[in-house]
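Please keep the sequence and the structure in view while reading.

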Amino acid sequence: EKQSVTFTRVSPDNENGFPGEFKVSVKYEFTDANELRIHYAGICDRDTVANMTNHSYFNLSAKDSKIYDHQLMIKSDQIAYADENGLPTGKFLDVENTPFDFKGFHEIGERIHDDDEQLRFVGGYDHCFMLKDEKDQAVLYDKESGRKLTITTTLPCMQLYAGNFLAGGSDGKFGKPYENRDGVALEPQFLPNSMNIEKKPRVILRKGEEYEAVTTYRFETE
């Protein structure tokens with residue numbers, strides 16, 4: 001049986017410099033297929049910018065361990081090339097024969113310390129992957145626990161962030177402070193810095209148009 005909860009918010013005109021009154025709803029739905037489905041919706045009375053995502057961190061291990069041994073697959077042939085601040089520049093990098101090739105399963109820690117300019121810029125993985133296919137675009141798996149997370153999204157990109165700078169931030173379970181690489185975030189979204197890259201930026205939401213995106217997290221054990 002499905003269970004759901006919906007959160008709504010109205011952002012006033014010019015909040016944080018964004019134009020228009022933006023009415024947003026985010027619906028969290030739990031299904032009987034062990035899925036958490038997040039449905040984003042919104043409408044604005046002026047042309048504005050909209051790029052909503054979820055920044056949850058995942059650690060599928062059965063004990064207190066890092067995410068280095070987690071196996072990851074992302075259906076992507078390219079990443080957005082990032083500058084020293086992690087901002088996409090408009091160039092795209094083919095992942096073939098690079099540390100960013102997750103077309104087949106690789107452990108997150110397998111190549112994260114390689115001598116690669118893109119990894120050095122942001123201290124590891126913090127890059128936007130251009131997604132292929134329309135289903136099961138990313139899978140995260142922990143062999144020891146057997147836990148598997150499969151992500152399906154209607155959005156065109158996914159930011160992989162391997163928790164490079166978690167230390168000194170929030171506390172986690174039982175009040176334990178998070179340390180670097182305690183979790184990994186997989187964030188479906190539009191291309192960051194799209195305004196300065198794409199000829200027709202998909203982050204622009206025109207007046208009266210409806211913003212809609214759906215991301216599903218399916219949890220299984222093997």
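Is Asn-193 buried, partly exposed or exposed? The model is a predicted one, and in it Asn-193 is partly exposed, because its relative accessible area is 22%, while buried would require a value under 20%.

## The loop between S14 and S15

Asn-193 belongs to the loop that connects strand S14 (184–189) with strand S15 (204–205). Its phi is positive, about 65°, although Asn-193 is not a glycine.

Met-195 is also placed in the loop between S14 and S15. With a relative accessible area of 45%, Met-195 counts as partly exposed. Together with Phe-18 and Val-49, Met-195 forms a nonpolar patch on the surface. The accessible area of these three residues together is about 250 Å².

The loop between S15 and strand S16 (210–221) contains Arg-206. This residue is partly exposed, as its relative accessible area of 41% shows.

How many of the 7 residues of strand S12 are buried? The count is 6, so strand S12 (residues 147–153) is largely enclosed by the rest of the structure.

Strand S12 pairs with S11 in the antiparallel sense, over 5 bridges. Within this pairing, Arg-147 of S12 stands opposite Asp-142. The hairpin of S11 and S12 has 4 residues between the strands, and in this hairpin Gly-146 adopts a positive phi near 80°.

S12 also pairs with S16, again in the antiparallel sense, over 7 bridges. Here Thr-150 has Arg-218 of S16 as its bridge partner.

Where does Asp-136 lie? Asp-136 is found in the loop between strand S10 (126–131) and strand S11 (138–142). The phi of Asp-136 is near 50°, which is a positive value in a residue other than glycine.

## Summary

Strand S12 is largely enclosed and pairs in the antiparallel sense with S11 and with S16.

Terms used: Residues are numbered from 1 along each chain as its sequence is written. This is a predicted model: local features need pLDDT of at least 70, side-chain atom pairs count only at pLDDT 80 or more; totals for chains, interfaces and linings use all residues. Side-chain values use heavy atoms; hydrogens and water are left out. Helices (H or I, at least four residues) and strands (E, at least two) are DSSP runs, numbered from the N terminus. Buried means under 20% relative accessible area, exposed over 50%, partly exposed in between (1.4 Å probe, protein chains only). Patches are made of residues with over 30% relative accessible area and no salt bridge: like charges are joined within 9 Å, nonpolar side chains (Val, Leu, Ile, Met, Phe, Trp, Tyr) within 5 Å. Accessible areas come from the Shrake-Rupley method with a 1.4 Å probe; for residues, only the protein chains shown count as cover. A salt bridge is a side-chain nitrogen of Lys or Arg within 4 Å of a carboxyl oxygen of Asp or Glu. Two strands pair if DSSP finds at least two bridges between them.
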